[in-house]
Amino acid sequence: MRTYLNGLNEIEDGKSVDVYGWVQETRKIKKLLFLILRDNTGVIQVTVKEDNVNNYDEVYGITRESVIRVNGNVNKKSVSRQGIEIVAMEVEILNMAETPLPMGVIDKVTTDFDTRLNNRFIDLRKIGNSLIFRFENELLFFIREYMHSEDFIEVHTPKIVAAATEGGADLFPVSYFEKKAYLNQSPQLYKEILMGSGFDKVFEVGPAFRAEKENTIRHLNEFTSIDVEVSFADDEYVMGVLENSLEYAINHAIDKIGKVLDENGYGIKKISTPFPRVTYSELIEYLQKNNFEIKFGDDFSPEASKFISQKYDSFYFITKWPAELRPFYTMPDKNNQNITNSFDLQLGDIEVCSGAQRIHNYEILEKNFLKKGLNENSFNFYIKAFKFGMPPHAGWGLGLERLVMNILKLNNVRESTLFPRDRSRLSP
RNA sequence: GCCUCGGUAGUGUAGCGGCCUAUCAUACGGGCCUGUCGAGCCCGUGACUCGGGUUCAAAUCCCGGCCGAGGCGCCA
């Protein structure tokens, strides 16, 4: 039976165990050999003595990062710094690693990010790197748990679509037999159709594709989007869903793995709701007072976003965006047609989520199509759902990698992406 | 799409017209060593992104390609 390395403390002194893992380090002293063995739960020193094993010479020639099985006895009176070791009785080499490694796992030299991504399978052997994805896993688990407890159902909408654009973002074309198709940039239109189907509360976790030629630390051409849509709800309601789910997920994730995160330098704090809210117009005024060249209708430049972010130390909402900066399906404000019932959720100077109440009236939606210069024919599959009983609804879409990046204070969104797809990277 | 910066052993760097037969660290190979734990000591292998050009002389200067980092624009 396999024993995981973090379980060794519970095993009594002298007992025989089988452990499996990677040889992280070797220290050779002629007739004595120390192997530092690593599995996904921790590391342990394995002491190999010539008289104890029958293949000492073979084991002596082992290379770093080779995969082995060790049968041996737990020694809790070890003089090693860890105070515990395994005295090997049997070492089976399951797979010998070639040398030299394309990059080191525990070497003192730094490695360029490009080199790390080219050798991501090794890069992720570093606990600090794989921990990012363990954190993401916890976060997503608790977001799902929250959604289920609120009676949301998880759905899966198509990623290969026919509509040419919903305005703005470029799409990746794919060949679909004799037709032309695209990779979807967002499940938006399908979530809305499901509101017309009476699902009431849906969420989806899935990939989204953007064919924009960006070259920044916060853009990816393929990312994971968490999408939510709720019937008979407005923007205020789904902002509540958003902040409550994040509070639940982040705080539970910290309860579960906060200690390990701390040990690895990711010091993160629990959060509380409600998040502060500020309107777009208030921020425009604020920026103008501080000598920024900006007027109503402009988007915030990266420089302006940085300036704004100095006022907040955690999440904050920017609400009531002008209609011209929002997609065609965004609900205008009842009292002012120039602004919309929309919001962005910011963490630091980066937008992690954007949402709104949607237009549920067919005529207004049609008018918006024409205003934004969109081709109504390619959206028939969507707009048809609005003619036969579409409830009022609202929702949002959240970029998972950006969220993780910002919570853990990483300096590049590619750090929180297992295998990033960006302007130039398509492999691995 | 525009702009800036960069590419030297497996990894990361120094050198920025002649002192380069190219520095250092780490990794790798070999040797010594029965308690190492950033092991130590000795020996060794290993590199100037590619193509043109300038020059008596190019890793070093110029032009172009390729590759990369980042900023801006654009971006439900």
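Predicted model: local features only at pLDDT ≥ 70, side-chain atom pairs only at ≥ 80, totals over all residues.
Student: How is chain A split into domains?
Tutor: The assignment gives domain 1 as 5–95 and domain 2 as 127–416.

Student: What separates the centres of domain 1 and domain 2?
Tutor: A distance of 49 Å, taken over C-alpha atoms.

Student: Now the RNA. Which residues come nearest to RNA strand B?
Tutor: E25, R81, E85, S186 and P327, out of 52 residues around RNA strand B.

Student: And how do those around it divide by class?
Tutor: The surface near RNA strand B has 20 charged, 18 polar and 14 nonpolar residues.

Student: What part of the RNA faces the protein, sugar or phosphate, or bases?
Tutor: Both: of the RNA strand B atoms within 4 Å of the protein, 57% are sugar or phosphate, and the rest belong to bases.

Student: Which side chain has an N or O atom 2.9 Å from a base oxygen?
Tutor: That of K49. The side chain of N215 also has an N or O atom 3.1 Å from a base nitrogen of RNA strand B. With D112, a backbone N or O atom lies 2.8 Å from a phosphate oxygen.

Student: Which elements give two or more residues to that surface?
Tutor: Strand 1 (16–29), strand 2 (32–39), strand 3 (42–49) and helix 2 (113–118). Strand 1 gives the largest share, 4 residues.

Student: Different topic. What is the strand order in the open sheet of 3 strands?
Tutor: The order is 7-9-8, with antiparallel pairing. Strand 7 (160–161) and strand 8 (173–176) are the edges, each pairing on one side only.

Student: How many bridges join strand 8 to strand 9?
Tutor: There are 4, and strand 9 covers residues 179–183. S175 stands opposite K180 in strand 9.

Note on methods:
Residues numbered from 1 in each chain as written. Chains lettered and ligands numbered in written order. Heavy atoms only, no water. Pairing = 2+ DSSP bridges. Domains from an automatic or database assignment. Near = heavy atom within 4 Å. Polar contact = N/O pair within 3.5 Å; in protein donor to acceptor, adjacent residues only side chain to side chain. Nonpolar A, V, L, I, M, F, W, Y, C, P; charged D, E, K, R; others polar.
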